Amino acid sequence: MRATLFLPFATTAFLIATLAHLGFFDLARLSRGMRNLGILGAELVPPDMGILSTAGAALWETVEMSFAGTLLGFVASLPLSILGTRRLFSSWVSGFARFIAAGIRTIPVLLWAIVFVILLGLGPLAGTFGIAAYTVGYLAKIYADLFEGTDPEIMEAVQSTGASKWQLVRFVILPEAANAVLAQVLFMLEYNIRASSVLGFVGAGGLGFVIQIYLQTLDYRRLATVLLLVLVVVLAMDGISAWLRNRFLLSAQAT
Amino acid sequence: MTQQAGEPYALQADRLWYSYRNRDWILRAIALAVPQGQHTVIMGPSGTGKTTLLRVLAGILQPSDGSVSVFGRPIQQLSRRQLSALIGYIPQQLGLVRNLSAIDNVLMGALGRISDSQALLGLFPRAEIDKAEAALDMMGIAHKRSAQVFHLSGGERQRVAIARTLLQHPRVVIADEFASDLDLALASEILDRIRTAADRENITFIMSMHRIGLARQFGDDVLALKNGEINPGFIGNEVLEDARSEVAL
């Protein structure tokens with residue numbers, strides 16, 4: 001009983017201490033913040049629709065970057081995750097593959113974008129590669145864990161037919177994981193569309209550049225238009241991925 | 001049954017001991033010898049080591065001590081492909097790939113005979129596809145050829161698993177609790193089909209079961225396993241009682 005109560009109490013105490021340290025209980029500051037929020041909110045409306053074509057073009061560039069970057073990253077993550085599957089390869093090989101994925105993942109997407117701006121110059125190409133790099137690190141880890149979780153009975157049954165390692169990948173591991181693989185790519189695409197709208201901050205193309213200008217010039221009514229556009233795209237992505245899930249992940253709901 | 005003098009047994013186990021990570025012994029000095037073409041059923045209460053015994057016999061687990069040989073050849077000395085030409089294994093949950101079709105699952109029985117590059121492109125030789133279709137037909141499920149395994153019923157999945165093993169052409173098939181969650185009539189029909197197929201190709205079957213009626217129907221020999229020990233040719237009363245209580249239909 002004492003042991004079961006300890007964890008929630010300790011967690012709550014730690015949460016309160018952290019919040020205090022972060023200034024959460026500074027009421028004067030919070031009330032000032034609320035006033036400012038009111039002012040900011042008032043300045044956001046009505047959104048300035050005059051910039052729709054400029055923002056629309058930048059938004060399309062962001063969508064292109066996310067789409068190409070996600071697909072490139074996905075393709076590169078597959079071999080890396082297969083090599084990282086401990087059940088298929090020695091701990092040296094799988095450990096090395098996992099180390100690479102962890103290294104890539106350590107660097108946030110914004111820093112990857114800066115690296116590629118340095119390598120490739122300003123523009124959407126740098127952003128695309130930045131997104132691809134981050135996607136590789138993330139998906140390789142998720143997929144390697146997923147592949148490792150393949151039902152051992154199925155692995156044993158197919159191994160006993162004399163199947164080789166690569167035949168197991170082709171006929172057991174990938175088909176068994178297919179639903180989750182697709183679901184993760186769709187999630188990553190949504191995530192990248194949201195994440196890539198800030199890549200323009202570092203000159204890596206897309207909507208971020210426009211957002212940055214409107215923020216710096218305190219042009220909040222135009223900023224509101226841009227944010228609304230992002231919302232529309234994220235909602236559209238939600239719809240598209242729901243449709244794809246229904247179309248391709250049939251077996252998850254069939255009886 | 002038809003064992004000739006001097007002919008090696010299809011499957012022979014000698015003083016098999018097994019324990020997981022040095023805990024209690026799960027198998028104790030198991031010895032058995034199965035003549036070619038004979039169908040052997042292993043019965044016993046749950047948790048008595050049936051699955052472990054079958055996995056050791058199939059070469060999936062290494063025994064802690066003792067040895068298993070198939071047609072006189074110790075299985076530790078065989079490569080995975082050599083072993084796959086001799087022994088087929090069907091786990092309790094069948095080990096089918098749910099997202100693939102029935103025919104694709106059956107074709108996996110041929111993986112031991114085709115190259116990696118053919119397999120990666122999914123290019124099975126025409127002859128293998130014909131044989132896979134014949135195996136589905138033999139198990140009475142040719143009409144579900146293209147259906148995803150996910151959409152098949154329990155009985156249909158059992159048929160697909162057997163068809164996959166038939167395509168593998170092993171000389172010994174080891175099956176764990178086969179047909180045990182089907183109703184009696186269906187299980188009986190499937191076991192009949194297996195017997196026909198096995199007798200035609202002179203395959204030796206070793207199956208664990210817990211239903212005495214089916215065991216008598218299918219097995220030429222019924223072995224009782226209790227607390228990791230085996231009594232060849234003898235069914236202990238407790239095993240019988242356990243089996244009866246589980247049938248109770």
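1. Two residues are taken to be in contact, or to touch, if their C-beta atoms, placed from the backbone, lie within 7 Å. The model is a predicted one, and on this criterion B:Val106 touches B:Ala132, B:Ala135, B:Leu136, B:Val160, B:Ala163, B:Arg164 and B:Leu167, with residues up to four places away in sequence left out of the count.

2. B:Val106 is also, together with B:Leu57 and B:Ile174, among the residues that touch the most other members of the largest nonpolar core, which has 133 residues. The element that gives the most to this core is helix α6 of chain A (residues 124–148), with 13 residues.

3. Chain B contains 9 helices and 10 strands, and 45% of its 249 residues count as buried. Of the contacts in chain B with a separation of 6 or more, 74% are between residues 24 or more positions apart.

4. Helix α5 (residues 126–138) and helix α6 (residues 154–168) of chain B have axes that come within 9 Å and cross at roughly 135°, which makes α5(B) oblique to α6(B). The crossing is right-handed, and in it B:Lys131, B:Ala132, B:Ala135 and B:Leu136 of α5(B) meet B:Ala163, B:Leu166 and B:Leu167 of α6(B). The residues of this contact divide into 6 nonpolar, no polar and 1 charged.

5. Between the chains, 26 residues of chain B are in contact with 21 residues of chain A. On the chain B side, α2 (80–86), β6 (87–90) and α4 (116–120) each supply at least two residues, and the residues of that side comprise 12 nonpolar, 10 polar and 4 charged.

How values were computed: Residues are numbered from 1 along each chain as its sequence is written. Chains are lettered from A and ligands numbered from 1 in the order in which they are written. This is a predicted model: local features need pLDDT of at least 70, side-chain atom pairs count only at pLDDT 80 or more; totals for chains, interfaces and linings use all residues. A nonpolar core is a set of buried Ala, Val, Leu, Ile, Met, Phe, Trp, Tyr and Cys residues joined through C-beta atoms within 7 Å. A residue is buried if 20 or more other C-beta atoms lie within 10 Å of its own, exposed if 12 or fewer, and partly exposed in between; C-beta atoms are placed from the backbone. Helices (H or I, at least four residues) and strands (E, at least two) are DSSP runs, numbered from the N terminus. Ala, Val, Leu, Ile, Met, Phe, Trp, Tyr, Cys and Pro count as nonpolar, Asp, Glu, Lys and Arg as charged, and the others, Gly among them, as polar. Axes are lines fitted to C-alpha atoms, for helices over the stretch in contact, and angles run from 0 to 180 degrees between N-to-C directions. Angles under 35 degrees count as roughly parallel, over 145 as roughly antiparallel, 65 to 115 as roughly perpendicular and the rest as oblique. A crossing is left-handed if the near helix is turned anticlockwise from the far one by less than a right angle, and right-handed if clockwise.
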